[in-house]
Amino acid sequence: MVSIRPADKSDLSNLVALDKKAHAEKRWWSAQGRRYFIKLMRRRGLLFVAEEHGSLVGYVSGDVQAVKGKRRVSLENLFVERGYRKKKIAKRLVNSFISAWTGKGIKEMILFCPPQLEGFYNRFGFKLTVIRMKRRLTA
Ligand SMILES: CC(C)(COP(=O)(O)OP(=O)(O)OC[C@H]1O[C@@H](n2cnc3c(N)ncnc32)[C@H](O)[C@@H]1OP(=O)(O)O)[C@@H](O)C(=O)NCCC(=O)NCCS
């Protein structure tokens with residue numbers, strides 16, 4: 001049975017290892033080091049892990065930012081190990097993250113994601129706000 005809980009210091013090495021797997025799978029994923037996770041652990045609600053039999057199989061992370069004086073929460077990273085997908089682990093992670101910040105005086109949560117995940121995040125009430133485009137500049 002997979003459990004969802006806030007991350008603690010004993011998760012550090014496993015989080016770094018899990019993040020390397022995310023980077024290996026998705027080229028756009030920037031692998032994070034220990035410092036990133038230590039920073040998030042200092043504030044409640046920014047880092048949740050999915051654990052089964054002592055192994056981490058997923059995590060969600062985020063941050064709180066002030067933009068033009070308005071604070072907002074961003075959901076930054078969400079990853080579930082390949083062999084554990086389609087078991088609603090991501091759903092539980094995202095719901096834990098959203099619950100942690102609901103009713104805490106911050107009005108908005110934002111995130112950036114690849115277009116194919118728009119439908120996934122719509123299910124949690126996220127709506128599309130901007131479209132970011134890019135092109136290659138190689139000759
Ligand atoms: C995206 C990811 C986190 C989903 O994890 P998961 O644990 O398989 O997702 P869940 O099982 O919780 O899915 C919850 C629901 O979302 C749906 N869903 C999952 N991926 C989806 C997608 N790409 N598009 C639309 N819906 C999706 C599921 O079908 C499920 O629907 P249901 O509740 O009706 O059954 C996982 O595939 C992953 O780690 N991918 C690589 C990293 C990545 O892309 N992270 C997102 C960065 S923004």
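Two strands count as paired when DSSP finds at least two bridges between them. Helices (H or I, at least four residues) and strands (E, at least two) are DSSP runs, numbered from the N terminus. What you have open is a predicted model, where local features need pLDDT of at least 70 and side-chain atom pairs count only at pLDDT 80 or more, while totals for chains, interfaces and linings use all residues. Residue numbers start from 1 along each chain as its sequence is written.

**Stop 1: the sheet.** Colour the strands. Five of them make an open sheet, ordered E1-E2-E3-E4-E5, with mixed pairing. Strand E1 (3-6) and strand E5 (108-111) sit at the edges with a single partner strand each, so one side of each has no neighbour in the sheet. On average, neighbouring strands are turned by 25° against each other, direction ignored.

**Stop 2: from E1 into E2.** Select residues 47-52, which are strand E2; E1 pairs with E2 in the antiparallel sense over four bridges. Click on Ser3 and look across: Glu51 in E2 stands opposite. Then try Arg5, whose bridge partner in E2 is Val49.

**Stop 3: on to E3.** Stay on Val49 and look for Tyr59 in E3, which stands opposite Val49. E2 and E3 are also joined in the antiparallel sense, over six bridges. Their hairpin has two residues between the strands, and His53 there takes a positive phi near 45°.

Stop 4: Now show H3. Helix H3 packs on the sheet and touches E1, E2, strand E3 (55-67), E4 and E5 (a contact means C-beta atoms, placed from the backbone, within 7 Å). The direction of H3 makes about 35° with that of E3; axes here are lines fitted to C-alpha atoms, for helices over the stretch in contact, and angles run from 0 to 180 degrees between N-to-C directions.

**Stop 5: a loop residue.** Find Lys86 in the loop between E4 and H3. Is Lys86 buried or exposed? It has 7 C-beta neighbours inside 10 Å, so Lys86 counts as exposed (12 or fewer is exposed, 20 or more is buried, in between is partly exposed, with C-beta atoms placed from the backbone). From Lys86 to Leu75 is 11 residues in sequence and 20 Å in space, C-alpha to C-alpha.

**Stop 6: the ligand.** Finally, show the ligand and the 18 residues that surround it, the closest being Arg85, Ala90, Lys91, Cys113 and Gly119 (near means a C-beta atom, placed from the backbone, within 6 Å). Strand E4 (70-80), helix H3 (89-101) and helix H4 (118-122) each supply at least two residues of this shell.

How values were computed
Contact = placed C-beta atoms within 7 Å.
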